[in-house]
Amino acid sequence: MLDRLFVYGTLMHGYDHPMAKLLSDGADYLGPASMPGRLYLIKHYPGLVEAQDPADRVFGDLFRLHRPRELIAQLDDYEDCGEVCAQPAHYRREILPVDLSGEAVEVYVYIYNFDVSRAAAHRLRPLCRRGGGKVQARLSFAPEPVRTEELTACDFRGEGVRLAAEMQL
């Protein structure tokens with residue numbers, strides 16, 4: 001079983017959510033990472049879908065799990081894709097490569113399991129502001145397709161820079 005997990009929403013490092021705290025307590029934070037994909041607002045939470053355009057990137061955090069079987073079971077239940085959850089589930093856990101400081105790493109990631117083209121979903125994008133040597137981002141609505149330049153305008157991978165996600169939905 002893999003021991004690495006890529007997260008991009010309420011489970012991100014430093015997020016004030018009980019499951020984010022559970023993850024932080026049961027894993028080592030490896031740093032910011034990214035992968036090809038797009039984020040959509042699904043109801044009040046983000047959903048990652050695989051990108052058709054390899055230039056589309058989702059930025060998030062990478063963790064190494066101390067006890068992968070136990071923690072993944074708890075996170076699967078939280079993401080509503082555990083063994084006892086109703087099917088089809090909103091998410092599916094897959095093994096995909098992410099970029100960690102220029103190195104491709106195979107990890108678990110939760111992928112949104114429904115077609116967003118027919119859903120009442122809105123694309124999310126980070127709005128960035130610099131302050132005190134940190135980049136802070138708030139996920140916001142983007143009703144128009146977001147160009148790659150807008151998604152990568154901030155240096156999410158700079159040394160000592162941490163992405164602090166504030167979801168105010």
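Where is the place of aspartate 80? Aspartate 80 sits in the loop between α2 and β6. The model shown here is predicted.

## Overall layout

The protein has three helices and 10 strands. From the N terminus on, the elements run β-α-β-β-β-β-α-β-β-β-β-α-β. The protein has 169 residues, and 46% of them count as buried.

## Two helices side by side

Helix α1 covers residues 18–25. Its axis and the axis of α2 come within 11 Å. They cross at roughly 165 degrees. An angle over 145 degrees counts as roughly antiparallel, so α1 is roughly antiparallel to α2. The crossing of α1 past α2 is left-handed.

Helix α2 spans residues 68–78, and arginine 69 lies in it. Arginine 69 has a relative accessible area of 61%. The cut-off for exposed is over 50%, so arginine 69 is exposed. In sequence, arginine 69 and methionine 1 are 68 residues apart. In space, their C-alpha atoms are 7.4 Å apart.

Most residues other than glycine have a negative phi, and most peptide bonds are trans. The loop between α2 and β6 holds aspartate 80. Phi of aspartate 80 is near 65 degrees, a positive value in a residue other than glycine. Aspartate 80 has a relative accessible area of 32%. That value falls between the 20% and 50% limits, so aspartate 80 is partly exposed.

Proline 88 lies in this loop too, between α2 and β6. A cis peptide bond joins glutamine 87 and proline 88. Its omega is about 0 degrees.

Strand β6 covers residues 91–100. Serine 101 is in the loop between β6 and β7, and β7 covers residues 103–112. Phi of serine 101 is near 55 degrees. That is a positive value in a residue other than glycine. How accessible is serine 101, and what does it count as? Its relative accessibility is 72%, and serine 101 counts as exposed.

## The largest pocket

Rolling a probe the size of a water molecule over the atoms shows where empty space is left. The largest pocket has a volume of about 320 Å³. It is lined by 17 residues. The closest to its centre are Thr10, Tyr45, Tyr78, Glu79 and Tyr91. Which elements give two or more residues to the lining? They are β1 (4–7) and β4 (45–49).

By class, the lining has 10 nonpolar, five polar and two charged residues.

Terms used: Residues are numbered from 1 along each chain as its sequence is written. This is a predicted model: local features need pLDDT of at least 70, side-chain atom pairs count only at pLDDT 80 or more; totals for chains, interfaces and linings use all residues. Side-chain values use heavy atoms; hydrogens and water are left out. Helices (H or I, at least four residues) and strands (E, at least two) are DSSP runs, numbered from the N terminus. Buried means under 20% relative accessible area, exposed over 50%, partly exposed in between (1.4 Å probe, protein chains only). On a 1 Å grid over the protein atoms alone, a cavity is a set of points where a 1.4 Å probe fits but cannot get out, and a pocket is an open set with protein on both sides within 12 Å along at least five of seven lines; lining residues have an atom within 4 Å of a point. Grid points are joined across faces, edges and corners, and a volume is the space filled by probe spheres set on the points. Ala, Val, Leu, Ile, Met, Phe, Trp, Tyr, Cys and Pro count as nonpolar, Asp, Glu, Lys and Arg as charged, and the others, Gly among them, as polar. Axes are lines fitted to C-alpha atoms, for helices over the stretch in contact, and angles run from 0 to 180 degrees between N-to-C directions. Angles under 35 degrees count as roughly parallel, over 145 as roughly antiparallel, 65 to 115 as roughly perpendicular and the rest as oblique. A crossing is left-handed if the near helix is turned anticlockwise from the far one by less than a right angle, and right-handed if clockwise.
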